[in-house]
Each structure stands twice: as C-alpha cells, then as structure tokens.
Amino acid sequence: AGIINFCANNYLGLSSHPEVIRAAVEALEKFGAGLSSVRFICGTQSIHKDLEEKIARFHQREDAILYASCFDANAGIFEALLTPEDAVLSDELNHASIIDGIRLCKANKYRYKHMDMQDLEAKLKEAQKHRLRLVATDGAFSMDGDIAPLREICQLAQKYDALVFIDECHATGFLGPNGRGTDELLGVMDKVTIINSTLGKALGGAAGGYTTGPKPLIDLLRQRSRPYLFSNSLPPAVVGCASKALDLLMESNAIAQSMAAKTQRFRSKMTAAGFTISGKDHPICPVMLGDARLASVMAEDMLNRGIYVIGFSYPVVPKGKARIRVQISAVHSDEDIDRCVEAFTEVGRKHGAL
C-alpha cells in the first residue's frame, strides 16, 4: 500500500495541491527561474509586492516583508528593531532561529520559564527600566505541540507597556477559525504587534518567510534588516505557489477546519492505546518515549510497517525527553490515521513501550 508520511510540516496538504502546483509552473514560465538579485536592486517584481499585500491582508496587518526563510525573518528583526536601551523577553523553549536572532541584537535579554506567566511578569517588572520591551514567543512550539498562552501574555504586555512578537511557523494556515494562527485562535489579533511566519510549511511547503505588522516597522526592516538586504529575492515559482495557497485559504476555511477532527482522532486513539501524547489540540503530536534508542528503533519498525516517522532525541530535545513526533495533515484520511495508530500499537508492544 506504499508508505504514508507522518512527519512532514505539510499541514494542509497544499504542497501537492494541483492548483498550487499549476500556479508555480505559470509563475516560472512568466517570470523565469529567479531574479539573480536582491530586492532593492532588480529583485522586486509585481508578484513579490502582490504576495506581501496578500500576507498582510490574510493576517489583518498593515504591511508585510518577504524573506528567503522564517529563519532569516527571525535573524533580521531583533537587531533592526531593538537598541541597547531596550529589552527582549523570550520563552526558554523558543525556536533556535528566535534565539539566534536575539543573540544578534544589543538589547538587554531576559529568558522566562516556558509558558510561565508568573516568571514573565517578574521579568517584565525587572525590565521596566528599559526604553522598550518586546515579549517574544512561538505561537505553537514545534517540539511539544503546545500553544502559547497569548491571552495572558497580551494582558501582561498591556499592563507593563510591552510589545508582543510571535513566530507562527507551526500555526499559520490551520489554527483558528480561518487558519490565521494562534492570535486568531485565542482572540487577540488586535493585541499582537508583530508576526513572523513561513511559506515553507502549511502555505505550499516550498520555502520563504515573512514579517507582518505595522507599516513603520516594515519600512524600517526594508532599510535595515540584513537578511532582507543581502539575500536574493524569492524565486517566482515559490511566490506563485504561496500566493495560490493563500487564495485557497481566504476563499474557504474548510481545509483549515478539517484539521481539528483529524488531530483529535489521532490523539484520542493513541491515548486510548496507552501512549502519552504531549501538547494539546495541535497536529504536532509528540509520542513521548523517554529513551533515545527506543525512539530510534520504534521509528525504524514503523517504516517497515509503511509509516514514516522520525525519532527525536538530545540535543534536539532535552535528555530523557526522547519522542517520535507525529504530524497530522489534512490529506491524511481516517484510514491513514487508524493505520498509523495500529502500527504504533504493534511496535509499542514489541519494544515494551506499552
């Protein structure tokens, strides 16, 4: 019956959607393979401007700026925005790209315990002596599948006069009623200042990232963000497929809404089988095993049963927290999900994980 991929970031299945593929081919034929330039020289075409406008409209923000990846977007924002007079407060389990971006800036750095609002408040109180305060967090954390408490973060930010930044790579396209992300899911779209996200996961799966937020910020990034200034423009084919992916999402929320039932099916069946699944209500479903070797051999046996998953262990996750990270996609059928659970149950019993 072939192999079913349960470890891709292709949350909406759009990387193989015929309309998305057709849009990429049309852009390739009309605009060429690439621009051979950065944006401010000869690397800006109408499709780049159109996609930036579409991203801003999708997120209900004023403007947006494209990058080669969200890693570049995260590397480019903190240094451009923050000075030695400012402070950035970061969740301790933020993605490596956020951590690296913060390292590049000269702001005062505070790290708060993972999703611990008491610790964040204490750090915000301590940071009141600085000119500007920015709270930075993943919207959905990629290793554990848990979702940042944005309501509480935004309340604290308002109380202590701080801005809120979220990385939405594992949320854009499928969290919230219309797939706009964790800020829509939790009802704080008007309270989050800056969103960074990717085109390389749910929105076509190819490459690319972006920042969206207030127009003065985007104008600043176009002048001072080094990854934007010194990286080639996104290839037209990538722009074309991402643009079509956004069109499909804004035309209908059916694909985004289908994710909740599929995610619940997998999580409930795996829990009933006796597995511990980290996170909550997110298509990232980490099957917690603890032992690195167990995660590795179970993943190998799963592949022998036609299910492609990968074991995660130190240093990607903390020691003693090894897991197999399953990721549910809109293209997974109920039968695919049931087949995956059956394989996990067989392999888990074989290796003493159940």
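R39 counts as buried, at 8% relative accessibility. Buried here means under 20% relative accessible area, exposed over 50%, and partly exposed in between, with a 1.4 Å probe and protein chains only. This is a predicted model, in which local features need pLDDT of at least 70, side-chain atom pairs count only at pLDDT 80 or more, and totals for chains, interfaces and linings use all residues. Residues are numbered from 1 along each chain as its sequence is written, and side-chain values use heavy atoms, with hydrogens and water left out.

R39 sits in the loop between α1 (18-31) and α2 (46-59). Helices (H or I, at least four residues) and strands (E, at least two) are DSSP runs, numbered from the N terminus. The side chains of R39 and T44 are joined by a polar contact of 2.7 Å. Such a contact is a pair of N or O atoms within 3.5 Å; within protein, one must be able to donate a hydrogen and the other to accept it, and residues adjacent in sequence count only if both atoms are side-chain atoms. Leaving out residues up to four places away in sequence, R39 touches T44, H48, E52, L66, R222, Y228, S231 and S233. Contact means heavy atoms within 4.5 Å.

The H170 side chain makes a polar contact of 2.6 Å with the side chain of Y11. Beyond its neighbours within four places in sequence, H170 has contacts that include N9, A140, K201, H282 and Q327.

Now the helices. In α5 (residues 117-126), the buried residues are M117, D119, L120, E121, K123 and L124. Their cover includes β3 (87-91), β4 (108-112), β5 (133-138) and α6 (150-159). D116 caps the N-terminal end of α5, with a side-chain oxygen 3.1 Å from the backbone nitrogen of Q118.

Helix α11 (residues 254-273) buries A256, M259, K262, T263, F266, R267 and M270. They cover an arc of only 130° around the axis, which puts them on the same side of α11. The arc is that of the directions from the helix axis to the C-beta atoms. An α-helix has 3.6 residues a turn, so residues three or four places apart point the same way. The face turned away from the buried side of α11 carries the exposed residues A260, A261 and A272. Cover for the buried residues of α11 includes β9 (284-290), β12 (322-327) and α13 (334-350). G274 follows α11 and has a positive phi, near 115°.

Some backbone angles deserve a look. Most residues other than glycine have a negative phi, and most peptide bonds are trans. Q60 is not a glycine, yet its phi is positive, about 55°. Q60 lies in the loop between α2 and β2 (63-67) and counts as exposed at 54% relative accessibility. D281, also not a glycine, has a positive phi near 55°. D281 is in the loop between α11 and β9 and is partly exposed, at 47% relative accessibility. The peptide bond from Y314 to P315 is cis, with omega near 10°. P315 belongs to the loop between β11 (311-312) and β12.

Finally, the whole chain. The protein has 13 helices and 12 strands. Of its 354 residues, 56% count as buried. Its C-alpha trace spans about 55 × 55 × 30 Å along the principal axes.
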